[in-house]
Amino acid sequence: MRKFFIIVAAVLLGLTACSEQRQATKEGVTKEQISFPVGERIENPAFTGEAYLKPLIVPDTVFNFPQTNVVAFGPGAHSSWHRHGGMVVLVTDGVGLYQEEGKPAQILRRGDVLQIPAGVRHWHGATKDNWFSQVVIYDKDWQPTEASNDRDNSVTDEYYNGLELVEHAHQTTVDSLMFAAPDTTMTLPTFNGPIRLANTVDAPNVAGAPGLHYVVFEPGVINAWHSHAGGQVLIVTEGIGYHQIEGQPVEVLHPGDVAMCSPSVRHWHGAAPNSRFAHLAANTNPDKPGVEWFEMLSKEEYDKLPKE
C-alpha cells in the first residue's frame, strides 16, 4: 500500500511539474502582438517550423555598427545547433528557448538580454505555445579557426519535446516597459520633460557593438537639437515618436524602426503628444566621443508635427 501511495505521489508531482512548465511558457503571444515587423519567411533547412528574418542595420563605414536583425519564430519553431560570431540578443516579445551545448535549455522572456560568445554551439527558438521575437546584434565577419566537423546539428522533435527547461535570469522591468529601467523618471536640462534612462548593453560586449542605452520619453517629451561626434543609431522599441535630421523632414517612428544620424550632424528626437516613446540608443564610433547640445524645438514647431 505504501508503495502505491509513493507511485501516486510521484505521478501527481510529475503532472504538477508538467503543468508548471506549461504555465511558465504559456503567455498567449500571437503573431499580431509582436512589436517588431516579422520580416521575410526563412526558407532554410537549418530552421524547423515558421521563422522570419528582417535586417535592421547593415554594417557600413559611416556608423560601423554590427549586423542587426529581427528574428521571429512561430510556436514550436526553432533553429538547428549552430555557431557564429559574438551575438547580443534582446528579447522583444513572447517566450523563447535558448540552449548552449552542455547546458540546460533556458526560457527567455520579453526584456531579457544575453550575450553569446563567438564560436559557442547553441540553438534557439520559440516555446510550443508562443511566438517569440528577438533583436540580434552580431559579428557577421567572424570565422572559426578550426575546420567544421560532421556532427549532426539537427534539433529533433523528440529532443525538443523532451526538454527540461530552466528560467533565464530575467531582467526586472517596471511599468510595462520592454527592458529594465528605473522605476522613477528623471529630468535633464537638454530634455523638456521627464525621461527614464538605463544601460541595456554595456561596451565592450561579444558583438563588438557600442553600448546601448534604453531611453523612455513620457508623452510630449523631446530632447534639444544635438550632434554626436561619432554619429548615433536609434532602434525604436515602444510607442510613437519623432526623429528629425536638420534640413530633412520629420520621421514618425514606430516599434522596429531604425533612425540613423551621421557624425556631427544635428538632430533631435522624442515622443508624440499622446504616446510614451522608447528606443535603444547607441553612440556609434566610440573612438569619437562627444555630444554637442543646441536649442530646443519651439512649442509652435512641435505642435505642427504630424499627429499619429
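Which residues is I137 in contact with, leaving aside its neighbours within four places in sequence? The views below take up that question and the setting around it.

**View 1. The surroundings of I137 in a predicted model.** This structure is a predicted model. Leaving aside neighbours within four places in sequence, I137 is in contact with F65, P66, Q67, T68, G86, M87, V88, L90, A207, A209 and L212. Two of these partners, L90 and L212, join I137 and Y214 as the residues that touch the most other members of the largest nonpolar core. T68, also on the contact list, stands opposite I137 in β10.

**View 2. Strand β10 between two partners.** β10 spans residues 132-138. On one side, β4 (residues 67-73) runs antiparallel to β10, and 7 bridges join the two. T68 faces I137 across this pairing. β6 also pairs with β10 in the antiparallel sense, over 7 bridges. Here V89 stands opposite V136.

**View 3. The two faces of β10.** In a regular strand, side chains alternate between the two faces of the sheet. One side of β10 carries F132, Q134, V136 and Y138. The other carries S133, V135 and I137. Are these faces covered or open? Both are covered, and every residue named on them is buried. In total, 7 of the 7 residues of β10 are buried.

**View 4. The largest nonpolar core.** Nonpolar side chains tend to be buried together in soluble globular proteins. The largest nonpolar core here has 26 residues. Within this core, L90, I137, L212 and Y214 touch the most other members. Which strands each supply at least two residues of the core? They are β3 (51-57), β6 (87-100), β10 (132-138), β13, β15 (232-239) and β20.

**View 5. A cis peptide bond at P204.** A203 and P204 are joined by a cis peptide bond. Its omega is about 5°. P204 sits in the loop between β12 (195-201) and β13 (212-217).

**View 6. Two residues with positive phi.** S264 is not a glycine, yet its phi is positive, at about 65°. This serine lies in the loop between β18 (258-261) and β19 (267-271). N285 also has a positive phi without being a glycine, with a value near 50°. N285 is found in the loop between β20 (277-283) and β21 (291-293). Is each residue buried or exposed? S264 has a relative accessible area of 54%, over the 50% cut-off, so it counts as exposed. N285 has 9% relative accessibility, under the 20% cut-off, so it counts as buried.

View 7. The chain has 3 helices and 21 strands. Of its 308 residues, 46% count as buried. The chain exposes about 15100 Å², and carbon and sulfur atoms supply 53% of that area. Among contacts with a separation of 6 or more, 73% link residues 24 or more positions apart. Mean pLDDT is 91, and 89% of the residues reach 70 or more. Over residues 1-26, pLDDT stays under 50. For that stretch the model has 14 contacts beyond four places in sequence.

Notes:
Residues numbered from 1 in each chain as written. Predicted model: local features only at pLDDT ≥ 70, side-chain atom pairs only at ≥ 80, totals over all residues. Heavy atoms only, no water. Helix = DSSP H or I, 4+ residues; strand = E, 2+ residues; numbered from the N terminus. Buried < 20%, exposed > 50% of the residue type's maximum accessible area, 1.4 Å probe, protein only. Contact = heavy atoms within 4.5 Å. Areas by Shrake-Rupley, 256 points an atom, 1.4 Å probe, with all protein chains shown as cover. Core = buried A, V, L, I, M, F, W, Y, C linked by side-chain atoms within 4.5 Å. pLDDT = per-residue confidence, 0-100. Pairing = 2+ DSSP bridges.
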